[in-house]
Amino acid sequence: SKDYLDFKYLSLSLSLSLSLSLSLSLLLPLLFLQHDTTEPGSIHSLHLSGSGVSVSRSPPPSGIFLSLCPPDSLCPSHLLLFFHSTNRYSKDSISDATEREKKLIGARKGIQKVKGHSKLEALFKHPLYNLPRPELQDDDWLLRVKTNEHKSDRGSEEEEMKEEGYDKVTWTSDVETHPPWLRFHLGISRWELYNRKDPNLAQLTHYLATQRVLGAVQKTGGTQLKLLISFPNYGKALLKPMKQSRDAETDANLFYFSDFERHNAEIAAFHLDRLLGFNRIPPVVGRLINVTSEIREITTDHRLSRTFFTSPVGNVCFYGQCEYYCSTEHPVCGQPHALEVSLATMLPDLAIAPRRSWRSPWRRSYSRSKLAQWEKDPAYCDTVKQTPPYNHGNRLLDVIDMAVLDFLMSNMDRHHYETFEKFGNETFLLHLDNGRAFGRHSRDEPSILTPLKQCCRIYRSTLLRLRLLSLPDFRLSDVMRESLVQDLLAGVAPLLSEPHISALDRRLETVLQVVQDCQEHHTDVIYDDLEGYDQDYDQQPI
Ligand SMILES: Nc1ncnc2c1ncn2[C@@H]1O[C@H](COP(=O)(O)OP(=O)(O)OP(=O)(O)O)[C@@H](O)[C@H]1O
Ligand SMILES: [Mn+2]
């Protein structure tokens, strides 16, 4: 029997408008097949076709993946095909982890014992966090392993596969066979980046926090230093280093576009987004990295390695090459080797799952002197409402969700957001790049809420969850504290200082107040996305 992997957009996004034969002759010398022949199910053929690449192999289909390496990755060629036969993500991966990490895991277990009256658990049990999900069709998944194609030439083999359970469900939810990052990719749908209840999420964060670092190179794109880290089993993560102490508040005279990126903001943003019920930020974990053994000694990136030096007090430092803050004056330093970093799960490669980047209508001017249009025109939302894609569907409401998230964490740097091209305009918005959040706790930035204030529109489900989070039993600051403690790095130091955590409650009150003010002056403020569900969510015991 045969299984087909078929990534529709492959040839398109590779810009291989060349003929098939030309593509074949160009690509084949570049192919590196990495296949563990001790595992069952060897590959017996490979097809390049107009619609992409498909692979057929003998059963059981315990795992095949095809990956295209970005230009700035460690791949030895432009195109790599990886074939995961099975379970190379070994369960004893912890044994790879350092002693230090083991200690951290110990610390985390200690924390888990305090369960029983967990506000976080109570929150996630609430019906508002367990809404019926729309049934997903084939094209609602970002990546699908096609098993029903070529049905006619399969015949009885197809039946056989079904009997043995090798249907789509097996491919996408069999937690045993794929490494966690791959299961994460296969779980991305039109409406959310991950399912909060998917047990793979914990495995994915554990994987990021403990797997051996195989490679570290600078990631191009963006303005500040970040590294692309690679792990065994081809997992990858985006690393942002710690640059300033936890308690440092951003200088009030610095413009938002001059602010440093914060590793803990990336981590905290992931937790906050999940607590709001959005699930639109790729999982991010904190980790201590040894800058010498896990970056300097293994990197193949000379532009990076030549920026290493030892500071006057004997710490190993580097600064890399980038537009902002990549100089001797702004070093990233270990103590003497250990450095706190954030590691964000990488989304599927752009060649497999292209994304579209959208300029935010409420983007700041990124100028010291100019105001943006939205700052000058109180009726700005009327213009936005008439402009595609905001004139149709839920896009405006999604931007308002994003503004609420950004206001709570005081992120002024949301110049763009992204969507997966495959899903067109009917899809969730990715909230990437949160490094400039949580800069100041003593001040709120009201202008971040402008989309909500000017449009006076919000999803009912979002509003109800915000109200829930303002109640003592689910208080946002408390669930945030509890959620952040799950990160291994919390064993080193709390990921957010208390003033940042309590600022969340204050800002949440402001959001609710803005909605109330809207309701006093407008009808139609609340968009009822819960219509048709039989439960009365307002009446839930709280
Ligand atoms: N988890 C991720 N997986 C894949 N790509 C990502 C991920 N996070 C960010 N990116 C991509 O990398 C680019 C740069 O990342 P990021 O925006 O965090 O860096 P930055 O230096 O802050 O950028 P900028 O200066 O433009 O704000 C983003 O535009 C995004 O497309
Ligand atoms: Mn940024």
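1. Helix axes here are lines fitted to C-alpha atoms over the stretch in contact, and angles run from 0 to 180 degrees between N-to-C directions. Helices are DSSP runs (H or I, at least four residues), numbered from the N terminus. This is a predicted model, in which local features need pLDDT of at least 70 and side-chain atom pairs count only at pLDDT 80 or more, while totals for chains, interfaces and linings use all residues. Residues are numbered from 1 along each chain as its sequence is written, and chains are lettered from A and ligands numbered from 1 in the order in which they are written.

2. Helix α17 (residues 476-484) packs against helix α18 (residues 498-521) at an angle of about 145°, with the axes 8 Å apart. Leu-476, Ser-477, Met-480 and Arg-481 of α17 meet Ile-501, Ser-502, Leu-504, Asp-505 and Leu-508 of α18; contact requires C-beta atoms, placed from the backbone, within 7 Å. By class there are 5 nonpolar, 2 polar and 2 charged residues in this contact. Ala, Val, Leu, Ile, Met, Phe, Trp, Tyr, Cys and Pro count as nonpolar, Asp, Glu, Lys and Arg as charged, and the others, Gly among them, as polar.

3. α17 also meets helix α9 (residues 263-275): their axes come within 10 Å and cross at roughly 125°. The two are therefore oblique, a term for angles that are not under 35 degrees (roughly parallel), over 145 (roughly antiparallel) or 65 to 115 (roughly perpendicular). This crossing is right-handed. Ala-268, His-271, Leu-272 and Leu-275 of α9 make the contact with Val-479, Met-480, Ser-483 and Leu-484 of α17. The contact holds 6 nonpolar, 2 polar and no charged residues.

4. The axes of α9 and helix α14 (residues 395-409) come within 11 Å and cross at roughly 130°. This makes α9 oblique to α14, and the crossing is right-handed. On α9, Ala-268, Ala-269, Leu-272 and Asp-273 meet Leu-405, Leu-408 and Met-409 of α14. Of these residues, 6 are nonpolar, none polar and 1 charged.

5. Why does ligand 1 lie between two domains? Domain 2 (200-345) and domain 3 (355-539) both give residues to its shell; the bounds come from an automatic or database domain assignment. There are 15 residues around ligand 1, and Gly-222, Thr-223, Pro-282, Leu-347 and Asp-433 come nearest. A residue is near the ligand if its C-beta atom, placed from the backbone, lies within 6 Å of it. The shell has 6 nonpolar, 6 polar and 3 charged residues.

Note on methods. Left-handed = near helix turned anticlockwise from the far one by under 90°. Contact = placed C-beta atoms within 7 Å.
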